[in-house]
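Please look over the sequence and the structure shown below before reading on.

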Amino acid sequence: MARPRHDAVVDFDWEIEGGPMRAPFGGIGRGALYAPEDGGYVLTLESDDGSALYLDSQPAIDHWRRNSPARKVTMILMRRGFHRLALHLYSGRLRFFWAPPGVPLENVPSEYLFNR
């Protein structure tokens, strides 16, 4: 059964914190990502067991694996404005980072993530 969540940032380690349900579990988070300027954005997912990132309905990161936490990185050219976002997760840990043009890698701040 689906359990909706509304989180400010995507930075979860349910192995330590206790997850929304008993592992293994999966889920999909949907919403929007706001790009404050045109340019190249480094997007990074850190996950344990598997994750995927879709931006504007296009696959950006495919990181399905069973192992200890690891990061998968991609560079995407984005125009300023809102972009549809979907994060797929299978169990454990999920962290979502970005590096907008001229900014070091950081968790995507809440002011750039929007619920659907």
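This is a predicted model: local features need pLDDT of at least 70, side-chain atom pairs count only at pLDDT 80 or more; totals for chains, interfaces and linings use all residues.

Residues are numbered from 1 along each chain as its sequence is written, and side-chain values use heavy atoms, with hydrogens and water left out.

The protein chain holds one helix and 10 strands; helices (H or I, at least four residues) and strands (E, at least two) are DSSP runs, numbered from the N terminus. Their order from the N terminus is β-α-β-β-β-β-β-β-β-β-β. Of the 116 residues, 39% are buried, a term that stands for under 20% relative accessible area with a 1.4 Å probe, protein chains only.

An open sheet is formed by five strands in the order β5-β4-β7-β2-β10, with antiparallel pairing. Strands count as paired if DSSP finds at least two bridges between them. At the edges lie β5 and β10, each of which pairs on one side only. Strand β4 is joined to β5 by six bridges, and Leu 53 stands opposite Ile 61 in β5.

| Strand | Residues |
|---|---|
| β4 | residues 50–55 |
| β5 | residues 58–64 |
| β7 | residues 81–90 |
| β10 | residues 113–115 |

His 83 belongs to strand β7 and is buried, with a relative accessible area of 10%. Beyond its neighbours within four places in sequence, His 83 has contacts (heavy atoms within 4.5 Å) with residues including Gly 31, Leu 55 and Met 78.

Conventions. Buried means under 20% relative accessible area, exposed over 50%, partly exposed in between (1.4 Å probe, protein chains only).
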